[in-house]
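Subject: Structure handover

Hi there,

Here is the structure I promised to pass on to you. Please open it alongside this message, and my notes follow just below.

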Amino acid sequence: MNDVYILGIESSCDETSVSIVKNGCEEIATVVLSQIDTHANYGGVVPEIASRMHVENITIVVEECLSRAQMTMDEITAIAVTYGPGLIGSLLIGVVAASTLAYIFHKPLVPVHHIAGHIYANNLEKKMEFPLIALVVSGGHTDLIYMKDNYCFSKIGGTLDDAVGEAYDKVARVASIPYPGGPLVDKLSYEGVDAYPLPLPLDDDSYNFSFSGLKSAVINLVHNEEQRGNTVNKADLACSFQSRVVEILTKKTMRALKEYDVKNLIVAGGVAANSGIRNRLKELCQEQSVNLTVPSLKYCTDNAAMIATAGYFAYNLGRRAGYDLKALATTKLN
Ligand code: KG4
Ligand code: ZN
């Protein structure tokens, strides 16, 4: 069988990324151009600035990726692109770039859901074995997904309000920890102790999550301490917050594995970079003989290698888009 080279494009938020992946498992070259330093000045992603920067960068990133791979468009089998969910102005740039390339070079265009990309990032580490449970934790998602086979996604639970990454970023902001707060809160948590009595959120029999109550508890705690003239110990706060997040995520994930009688667990999304979640799941999966796969750190946050990888499986299943592919700000995982 001929090798399949997918050129993936990701631009759903503030990273302009292009990657070439061979046969859905071997990264040939990836370029990620992050806008994080620009958005950090505003304490969060400014959508209008993000899309303008994608426009400026997309062609350069495509050319740089081909050059690093030492390949030409002739050698590319198909083009995969994130069509949603994400910031509409940002998504549009990637979608227009991908459909233009597909049209000019007569390549199939493969639509990829952003979360499918995060999930398939795991195939760059190890061949994904089914059935599996995927814990998807990002800036926009907190989902537990059962997968019977490739591209068969059944959501068994999700957040009722804030996504876990969003809660990390908001907690960081109230504690005056610079954007993006997630990685810094994670780091700081190891310098403190679990001293603050924060609630364990939505500790019930469902597979749903809720982080807005925990976030509000942190905000109230910080404001109350400030009004009393006390300083909050940021490291203790980070540790207390992270302890609750890790406890509830891992508790429900391990229960899902048991109930669905599944022995394969993958973690996906930007918050999969969190060391508390990675370490605790490693311990629990070892105890319960579950095969755990987590993406290496570079594949946790947004990147096009994950889109090219998911694109390979979508391509093999015959998924194709027309040149009029629409970007969608919200869309169900499928
Ligand atoms: O998947 P991603 O790059 O973008 C979305 O699709 O949302 O995830 C970004 C999120 C941000 O909220 C960021 O703060 C969080 O992932 N994040 C972390 C860590 N690294 C990134 N959260 C907690 N601990 C980390 N180490
Ligand atoms: Zn993402």
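Let me start with a loop: Asp261 sits between α8 and β9. Although Asp261 is not a glycine, its phi is positive, at about 55°. Asp261 is also exposed, with a relative accessible area of 64%. Please keep in mind throughout that this is a predicted model.

Ser289 belongs to the loop between α9 and β10 (291–293), and it has a positive phi of about 50° without being a glycine. With a relative accessible area of 54%, Ser289 is exposed. As background, most residues other than glycine have a negative phi, and most peptide bonds are trans.

One runs from Phe130 to Pro131, with omega near 0°, and Pro131 lies in the loop between α4 (114–120) and β6. Another cis bond joins Tyr179 to Pro180, where omega is about -10°. Pro180 is placed in the loop between α5 and α6.

Now for the overall picture. The protein has eleven helices and ten strands. Its radius of gyration is 20 Å, close to the 20 Å that the globule rule gives for 334 residues, so the protein is as compact as a globular protein of that length. Along the principal axes, the C-alpha atoms fill a box of roughly 65 × 45 × 30 Å. Of the 334 residues, 55% are buried. The protein exposes about 14500 Å², and carbon and sulfur atoms supply 51% of that area. If you take the contacts between residues at least 6 apart in sequence, 73% of them join residues at least 24 apart.

Next, the interior. In soluble globular proteins, nonpolar side chains tend to be buried together. Here the largest nonpolar core has 48 residues, and Ile133, Phe211, Phe241 and Leu249 touch the most other members. The elements that give two or more residues to this core are β6 (132–137), β7 (142–147), α5, α6 (181–189), α7, α8, β9 (264–268) and α9 (275–287). Helix α8 provides the largest share of the core, eleven residues. A second, separate core holds 34 residues, among them Ala78, Ala80, Tyr299 and Met306.

Leaving out residues up to four places away in sequence, Leu249 touches Leu135, Val137, Thr142, Val164, Phe209, Phe211 and Ile277.

Helix α7 covers residues 212–227, which makes 16 residues, and spans 22 Å from its first C-alpha to its last, close to the 22 Å expected at 1.5 Å a residue. Which residues of α7 are buried? They are Leu214, Lys215, Ala217, Val218, Leu221, Val222 and Glu225. These residues cover an arc of only 160° around the axis, which puts them on the same side of α7. Just after α7, Gly229 takes a positive phi of about 80°.

Finally, a closer look at Glu225, a residue of helix α7. Is Glu225 buried or exposed? Its relative accessible area is 18%, and because buried means under 20%, Glu225 counts as buried. Setting aside neighbours within four places in sequence, Glu225 is in contact with Asn230 and Val232. For a sense of distance, Glu225 and Pro47 are 178 residues apart in sequence and 34 Å apart in space, C-alpha to C-alpha.

Best wishes

How values were computed
Residues numbered from 1 in each chain as written. Chains lettered and ligands numbered in written order. Predicted model: local features only at pLDDT ≥ 70, side-chain atom pairs only at ≥ 80, totals over all residues. Heavy atoms only, no water. Helix = DSSP H or I, 4+ residues; strand = E, 2+ residues; numbered from the N terminus. Expected span 1.5 Å × (residues − 1). Buried < 20%, exposed > 50% of the residue type's maximum accessible area, 1.4 Å probe, protein only. Arc of directions from axis to C-beta. Rg over C-alpha atoms; globule rule 2.2 N^0.38 Å. Contact = heavy atoms within 4.5 Å. Areas by Shrake-Rupley, 256 points an atom, 1.4 Å probe, with all protein chains shown as cover. Core = buried A, V, L, I, M, F, W, Y, C linked by side-chain atoms within 4.5 Å.
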